[in-house]
Structures are given as C-alpha cells and as structure tokens.
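Me: I'd like to go through this structure step by step, starting with how the strands pair up. Could you take it slowly with me?

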Amino acid sequence: MTTDELVRYLPEHIKPLAEQLRQFPTGYEKWVYATAAPPETYQGDLFASVTIVSVDEDGDAILGTSAGMVISNTCDAQPGMADFMLIAPVISLADYRENSALEGEKLENHISALRDNRISQLIFLPPRVGLAASFADLGNICPISSTYFHSKHAQARLVSLSQYGHYFLLIKLAYHLTRPEPSDAKRT
C-alpha cells in the first residue's frame with residue numbers, strides 16, 4: 001500500500017501525516033510519541049508490565065507479563081466502560097533478535113522489514129526513555145479484565161502515541177486485520 005493510497009483514509013485534519021509517511025521511516029521517532037501523557041488511558045498507550053495470556057498448540061493457557069500496548073478504543077479503555085481491554089504484547093527488539101529462529105542475512109532482512117514497518121502484524125516502536133527499541137505484536141492481541149488492568153497496571157504507562165502516531169497505529173491495525181486475500185485463495 002502506497003502513501004498516496006493511505007492518505008484517502010485519513011481525516012482532513014490529519015492529512016499532514018501524509019508528508020511524514022512519504023519520508024517514512026526517516027524521522028519516525030520524532031513524530032510517533034506524544035510529548036506528554038494524558039491522565040486517561042488512550043488507545044496506543046504503552047505500559048511497562050501487563051499480564052498477557054495466550055493459548056498454545058495443546059490448548060493450554062500461557063500466562064506471562066510483558067510490556068503492552070492498549071489496542072481497545074480510548075472510550076472503552078476508561079475505568080468502568082468495558083469489561084475487557086485488548087492488549088498487544090510489546091517485545092524488545094534485542095530480546096527478539098536474541099531468541100529468533102532466524103539467523104544471519106535472513107534475520108537482518110527480517111529486522112530491517114520490522115524497523116520499516118513492512119510486516120503487517122508488527123508495529124515498530126523506536127526507543128524512548130524507559131522503552132528500548134521494540135515492537136507491538138498485533139497478531140497476539142489478548143483481552144484482560146479492565147478492572148484488573150486499572151488496579152494493577154494503569155500506573156506503569158511508559159508513553160502515549162502522538163496524534164500522528166495514533167493514526168499510524170490505526171492504519172497498521174486496519175491493514176493487518178482487513179488486508180485483502182490473494183486472488184487465488186481457495187474458499188470452499
């Protein structure tokens with residue numbers, strides 16, 4: 001998807017993001033994060049430690065903690081507004097590199113694609129105070145109780161996205177969840 005194709009999905013007041021996207025990934029770290037965190041929990045907020053649950057190939061639940069990104073809409077992320085919040089795990093690029101099954105040139109090409117945000121389910125997060133270079137894994141979004149989140153995790157926010165960063169998240173999320181199938185996909 002080209003920048004010009006993305007621009008038609010943007011609201012009029014955020015069209016200047018198109019110029020930032022044309023220069024992408026140059027300068028990404030300058031516009032992705034907000035300069036101050038709002039008092040409310042916003043979609044795209046990053047938290048230092050969030051409970052993450054996934055189910056393995058045997059159907060067993062795996063419970064862990066990870067940095068996390070709020071995926072739920074901002075209005076649903078407020079205390080008492082929804083029973084559950086959607087959270088994407090955030091993985092340090094250094095940990096990912098160290099534990100990857102890929103090696104050599106394949107690993108370097110994959111990391112390069114990740115940093116350039118060319119992998120649909122991964123959104124690269126440049127380093128910021130308290131946050132190493134990381135990525136949010138949109139392919140492993142999990143629900144957690146809103147009450148639990150706000151009682152245990154809400155005080156550990158690392159950073160919020162800027163308005164441009166938020167729209168970039170929405171573009172990545174929409175593309176990941178709604179990208180077209182190949183024309184030769186067989187449906188029976």
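Me: How many bridges join strand S1 to S2?
Reply: In this predicted model, strand S1, which covers residues 46-55, is joined to S2 by eight bridges, and the two strands run antiparallel.

Me: And which residue stands opposite Gly 64 in that pairing?
Reply: That is Ile 52, which faces Gly 64 of S2.

Me: What about the hairpin of S1 and S2, how many residues are between the strands?
Reply: There are five residues between the two strands of this hairpin, and Gly 59 has a positive phi there, near 85 degrees.

Me: Which residue is the bridge partner of Phe 47 in S7?
Reply: Phe 47 is partnered with Arg 157, and S1 is joined to strand S7 (residues 157-159) by two bridges, again in an antiparallel arrangement.

Me: Changing topic, which residues have the most contacts inside the largest nonpolar core?
Reply: This core has 19 residues, and those with the most contacts inside it are Tyr 33, Leu 46, Met 69, Val 90 and Leu 125. At least two core residues come from each of strand S2 (61-70), strand S3 (84-92), strand S4 (122-125) and helix H7 (163-178), with H7 giving the most, namely three residues.

Me: What is Val 90 in contact with, leaving aside its neighbours within four places in sequence?
Reply: Its contacts include Leu 46, Met 69 and Leu 125, and also Ser 66, Ser 134 and Phe 135.

Me: Which residues does the second core include?
Reply: That separate core has eleven residues, among them Val 50, Ile 52, Val 70 and Ile 144, and Ile 52 is the residue that stands opposite Gly 64 in S2.

Terms used
Residues numbered from 1 in each chain as written. Predicted model: local features only at pLDDT ≥ 70, side-chain atom pairs only at ≥ 80, totals over all residues. Heavy atoms only, no water. Core = buried A, V, L, I, M, F, W, Y, C linked by side-chain atoms within 4.5 Å. Buried < 20%, exposed > 50% of the residue type's maximum accessible area, 1.4 Å probe, protein only. Helix = DSSP H or I, 4+ residues; strand = E, 2+ residues; numbered from the N terminus. Contact = heavy atoms within 4.5 Å. Pairing = 2+ DSSP bridges.
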